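Dear colleague,

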Amino acid sequence: NTTREAGAYRDYTEQIDESTNKEVDPVKERVKTFYKTNHTFQTYEFANATRDEFLKFNRKELTVWEAFDFLNQLVDDSDPDTDLDQFQHLLQTAEAIRKDGHPDWMVLTGLMHDLGKVLCLFDQPQWAVVGDTFPVGCAFSNKIVYSEYFDQHNPDAKDERYNTKLGVYKEGCGLRNVVMSWGHDEYLYHILKDYLPEEGLYMLRYHSFYAWHREGEYSYLMDD
């Protein structure tokens with residue numbers, strides 16, 4: 001939807017019906033349910049194991065246009081904002097980048113940025129494909145959407161190896177050395193890492209890492 005004010009996007013404020021104790025907005029209820037599942041099962045062990053499994057790239061071969069066509073069958077359960085189908089969203093993103101005068105590689109990055117959602121084609125549940133991403137193997141930031149579900153349900157939140165500020169990492173280790181929750185960002189990054197400049201690859205790999213690029217969290221893991 002292109003008519004909203006900027007502040008209306010990514011609005012996760014709950015509107016509870018007191019008579020039913022349920023969310024009034026069915027879209028927000030869907031998103032909340034998605035993140036409860038995502039934050040329960042996205043663990044350090046899961047991310048590493050799934051990464052190893054899918055980065056063999058031995059599932060299926062698609063042309064880019066076949067992948068675009070598949071995406072139009074997908075309704076992203078984590079997204080409370082867009083009324084567009086997935087391909088229109090990619091075209092809209094690429095066109096906005098082009099209109100602002102950015103280089104061709106950035107336009108291409110915008111066009112391709114969600115193409116990794118083809119993971120759903122391989123029977124992956126949406127909680128393992130879409131949604132905001134975050135580091136695993138260290139403490140979860142409270143700036144992550146619905147962060148309360150980590151403490152309630154994610155075993156890593158109670159594991160002393162992973163629940164400290166740095167967890168398994170060293171300060172300043174660099175995001176490239178941090179294991180992120182598994183999803184379409186990481187998958188597509190590895191597919192395209194030989195074809196785009198470094199800036200474009202960072203855009204792909206971390207575009208769903210809102211706790212970092214929007215909230216300023218996890219700076220202690222970054223290097224130069």
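This is a predicted model: local features need pLDDT of at least 70, side-chain atom pairs count only at pLDDT 80 or more; totals for chains, interfaces and linings use all residues.

Residues are numbered from 1 along each chain as its sequence is written, and side-chain values use heavy atoms, with hydrogens and water left out.

The protein chain contains nine helices and two strands (DSSP runs of H or I, at least four residues, and of E, at least two, numbered from the N terminus). Their order along the sequence is β-β-α-α-α-α-α-α-α-α-α. Of its 224 residues, 45% are buried (under 20% relative accessible area, 1.4 Å probe, protein chains only).

Helix α1 (residues 26-41) has 16 residues and should span 22 Å at 1.5 Å a residue, which agrees with the 23 Å between its end C-alpha atoms; the expected span is 1.5 Å times one less than the number of residues. Among its buried residues are Val31, Phe34 and Tyr35.

Helices α7 (residues 184-192) and α8 (residues 198-206) pack at about 155°, their axes 7 Å apart; axes are lines fitted to C-alpha atoms over the stretch in contact, and angles run from 0 to 180 degrees between N-to-C directions. The two are therefore roughly antiparallel (over 145 degrees). Their contact (heavy atoms within 4.5 Å) includes Leu188 and Tyr189 of α7 and Leu201 and Leu204 of α8.

Thr43, in the loop between α1 and α2 (44-54), counts as buried at 10% relative accessibility. Leaving aside residues up to four places away in sequence, Thr43 touches Val136, Asn154, Pro155 and Asp156.

Yours sincerely

How values were computed. Buried means under 20% relative accessible area, exposed over 50%, partly exposed in between (1.4 Å probe, protein chains only). Angles under 35 degrees count as roughly parallel, over 145 as roughly antiparallel, 65 to 115 as roughly perpendicular and the rest as oblique.
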